[in-house]
Number of protein chains: 2
Amino acid sequence: MSLLVVGSVALDTVETPFGSVKDALGGSAVYISVAAGYFTTPIRLVAVVGGDFPQEHIKFMESRQIDLDGLQSVESGKTFRWGGKYHYDLNVRDTLFTDLNVFKDFDPKIPPGFKSSTYVCLGNIDPLLQLRVLNQINKPRLVVGDTMNYWIETKPNELMKTMKFMDVIIVNDSEARLLTHEPNLIKAAKKIIKMGPRIIIIKKGEHGAMLVTEDTIFSAPAFPLETIFDPTGAGDSFAGGFIGWIARTDDLSTENLKRAVVYGSTLASFCVEKFSIDSLRDLSYLKIRDRFHSFMDLSRFDEK
Amino acid sequence: MSLLVVGSVALDTVETPFGSVKDALGGSAVYISVAAGYFTTPIRLVAVVGGDFPQEHIKFMESRQIDLDGLQSVESGKTFRWGGKYHYDLNVRDTLFTDLNVFKDFDPKIPPGFKSSTYVCLGNIDPLLQLRVLNQINKPRLVVGDTMNYWIETKPNELMKTMKFMDVIIVNDSEARLLTHEPNLIKAAKKIIKMGPRIIIIKKGEHGAMLVTEDTIFSAPAFPLETIFDPTGAGDSFAGGFIGWIARTDDLSTENLKRAVVYGSTLASFCVEKFSIDSLRDLSYLKIRDRFHSFMDLSRFDEK
């Protein structure tokens, strides 16, 4: 089934205790699209880049069968750049710089051929822009939205309005608490359901992820990795794996949502094993299935 | 199968945002014994109390079929008292006071009838005392030990010596990191295996628990509770549920260890639902089985 992805395309400069990269391909729309591309086609990307955006990244995305008709290029401008530094325990991240550049005036335009997409994934951008996307398209089967503490704090009203049109929201644990002023994650998820989305996914980093609906709670483990090179993009890869699986199977049953959460966790676990998007470059559906099975082994127990 | 439990018997004074209790029955040996008592018999407790220890608590423990032959009573002394305060998010705890009283001079004496116990659970006490227990008994089938940051910091050498005789160690995530200076929990667990115990259980509070052996990693979810009244004793209840199930089934296979971790999580989840040990007073094996099944539902997913 078709999937529309709207978000950022960025050049990331990242330092970790294990090394660093400069101007590496990044951005929420890229991670989501590449991750989802292992499951479904067509993937339709809407984002903006500057005239400095390297042709090799365009070629890579095209090679992944990503439809770039909605990728605006502002020739006179520079691509969005983000710089961050991770510390030894990798749970703490300092943002070193955020140069919005052409992203500052980004106004998502949905090409006519993209307007009837079956599934939509709104990467972590200004909730006003997310809403503007939804206003341009025909009603999709499912809208997945991501957000972050910055928007919760600076644009709470706009976010509340946009959330009413999301079927699924993906947040991390601290964002869930910030959004609801509720420390207990189950209570927080139930409060978020009252804000609009009927499916809440709370990512908990090394502790896995949780799916909460009106009548279900599902707890997925994190993959037990001994070496995490670069956590950048893990959340977006999760979103891509999740919606990719849903779009592939076109099945919105609770049991299939659970599988989608595990596929999200699977893509996130691959993502952090190398720098930038590198580990998502040479995956295969077979490798992904193998790790899905490892997730099963990791959490399965039976009765005596 | 028989289970020997050594640890503290205490009178706890606890404040939480939901209320408070004064001089309530507590202590690691009590929580472990009461929790394990739902699974197996006999439970043999070794600990110390002062002359002020209320007779009603003795009666309660006797009613739970706990053999108190090893409970020393120092008539001239006062029972160990601990006071703590939990804050709104219940993850942060301040110790208000620790009056060791008779526990200060506690020298565990194992009664002759207790020396050949099939299973042994060493509650969180001075590692030197844990070792002194092991020196008095015949080799049991399995030794489970608990410890805490205080012993890791103040008696690291003694702890290292004692750990060599433990088959299973139960720690929480921060203790695992402190013990190994390793932020990654999988690496930390593998380092602990080199210290002696072949089975490592890392408790992660609201994020569940993890079982690590040389060739297995198992991740158990936490039970999604919306109301946690009092976290006191949750870790000890976990240990009691874990070893209780093992002693009941007398099965040390990996699959059964996984079940034991879930039974530990089950008992911990009951523990925190009321103040002090109250919720462990009126459980039944049937209620425990029901919640074990809920844990299954919570984490189970299948292939398409």
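How many residues does the contact take from chain B and from chain A? I find 27 residues from chain B and 27 residues from chain A, with two residues counted as in contact if their C-beta atoms, placed from the backbone, lie within 7 Å.

**Ground rules.** I am working with a predicted model, where local features need pLDDT of at least 70, side-chain atom pairs count only at pLDDT 80 or more, and totals for chains, interfaces and linings use all residues. Residues are numbered from 1 along each chain as its sequence is written, and chains are lettered from A and ligands numbered from 1 in the order in which they are written.

**Confidence.** I checked pLDDT, the predictor's confidence in each residue from 0 to 100: chain A averages 96, and 99% of the residues score at least 70. For the complex I noted an ipTM of 0.90 and a pTM of 0.93 from the predictor.

**The interface.** Back to the contact, which takes 27 residues from chain B. Helices here are DSSP runs of H or I with at least four residues, strands are runs of E with at least two, and both are numbered from the N terminus. The most comes from α9(B), with five residues. By type I count eleven nonpolar, six polar and ten charged; nonpolar means Ala, Val, Leu, Ile, Met, Phe, Trp, Tyr, Cys and Pro, charged means Asp, Glu, Lys and Arg, and the others, Gly among them, are polar.

I also noted that 100% of the interface residues of chain B are interface residues in chain A too, so the copies meet through the same surface.

**Symmetry.** I superposed chain B on chain A with a rotation of 180° and 0.0 Å of shift along its axis, at RMSD 0.0 Å (least squares on the C-alpha atoms of residues with pLDDT of at least 70 in both). The two copies are thus related as by a two-fold rotation axis. Of the residues of chain B, H207(B) comes closest to that axis, its C-alpha at 3.0 Å.

**The sheet.** In chain A I traced nine strands in an open, mixed sheet, ordered β5-β4-β1-β8-β9-β10-β11-β12-β13. The edges are β5 (66–74) and β13 (217–220) of chain A, each with a single partner strand, so one side of each is left without a neighbour in the sheet. Strand β4 (43–50) of chain A pairs with β5(A) in the parallel sense over seven bridges, where DSSP must find at least two bridges for a pair. I found R44(A) opposite D67(A) in β5(A).
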